[in-house]
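Student: Hey, I've got a protein model open and I'd like to talk it through. Can you help me find my way around?

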Amino acid sequence: GCALLKFNGSELEEVWKNKNLASHFSTPVWIDGFIYGVDGNAGGGSLVCLDVKSGAQKWKGKTGFGSFVVSNEKIIYIAEGGDLIVADASPVGYKEIARAKTGLQAKCWTMPVLSNGKLYCRNDRGSLVCFDLQ
């Protein structure tokens, strides 16, 4: 599950707690009052968006389990099976912009890395692919 805690002096106060996001590998990201994260465990899961104020789920994408990075209000997601997905980082709804095969076999659990216009993705066997996004 997940929770939002607030420091109140020297005490921690629970703002909300629920099971709308159970993050196994990927670290959830907070953007403009919304949390984006991968709900689920290896073998099954989905990208979700939560409202920070209430913890309510705004949407759940059909991505499968994976990991992601955010750049320019876009979520760059590598699904466990090797699909690369680009989606809007928006609370309005899950909007997939693009999806492509990376060619990676085996499990892709490592967060994609974006550097100097290049996107690097790897699998659990150490295979690495690089996409030039410029």
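**Salt bridges, a pocket and the surface**

Tutor: D83 counts as buried because its relative accessibility is 13% (buried is under 20% relative accessible area, exposed is over 50%, and partly exposed is in between, with a 1.4 Å probe and protein chains only). Before we go on, this is a predicted model: local features need pLDDT of at least 70, side-chain atom pairs count only at pLDDT 80 or more, and totals for chains, interfaces and linings use all residues. Residues are numbered from 1 along each chain as its sequence is written, and side-chain values use heavy atoms, with hydrogens and water left out.

Student: Okay, so which side chain meets D83 in a salt bridge?

Tutor: That's R99, with 3.2 Å from N to O. A salt bridge here is a side-chain nitrogen of Lys or Arg within 4 Å of a carboxyl oxygen of Asp or Glu.

Student: Which strands are R99 and D83 in?

Tutor: R99 is in strand β10 (residues 96-101) and D83 is in strand β9, so their pair ties together parts that are 16 residues apart in sequence. Strands are DSSP runs (E, at least two residues), numbered from the N terminus.

Student: And is R99 buried, exposed or partly exposed?

Tutor: R99 is partly exposed, because its relative accessibility is 38%.

Student: What else does R99 meet in a salt bridge?

Tutor: E96, at 3.0 Å from N to O. Salt bridges that share partners join D83, E96, R99 and K101 into one network. E96 itself is partly exposed, with a relative accessible area of 32%.

Student: How many salt bridges does the structure hold?

Tutor: Seven. Another of them is between D39 and K60, where the closest N and O atoms are 3.6 Å apart. This pair links distant parts of the chain: D39 sits in strand β4 (residues 34-41) and K60 in strand β6 (residues 57-60), 21 residues apart.

Student: Buried or exposed, what about D39?

Tutor: D39 is buried, with a relative accessible area of 12%. K60 is partly exposed at 46%.

Student: New topic! How much space lies in the largest pocket?

Tutor: About 160 Å³. On a 1 Å grid over the protein atoms alone, a pocket is an open set of points where a 1.4 Å probe fits, with protein on both sides within 12 Å along at least five of seven lines; lining residues have an atom within 4 Å of a point. The points are joined across faces, edges and corners, and the volume is the space filled by probe spheres set on them.

Student: Which residues line the largest pocket?

Tutor: Among them are S71, N72, K74, I76, L84 and V86. Strands β8 (74-79) and β9 (83-88) each supply at least two of the lining residues. The lining divides into seven nonpolar, two polar and one charged.

Student: You mentioned N72. Where is N72 found?

Tutor: N72 is in the loop between β7 (66-71) and β8. Its phi is near 50°, a positive value in a residue other than glycine. N72 is also exposed, with a relative accessible area of 71%.

Student: What about N116, what's its phi?

Tutor: Positive, about 50°, although N116 is not a glycine. N116 lies in the loop between β11 (113-115) and β12 (118-122), and counts as exposed at 66% relative accessibility.

Student: Last one: where does F7 lie?

Tutor: In strand β1 (residues 2-8). F7 counts as exposed because its relative accessibility is 67%.

Methods:
Helices (H or I, at least four residues) and strands (E, at least two) are DSSP runs, numbered from the N terminus. Ala, Val, Leu, Ile, Met, Phe, Trp, Tyr, Cys and Pro count as nonpolar, Asp, Glu, Lys and Arg as charged, and the others, Gly among them, as polar.
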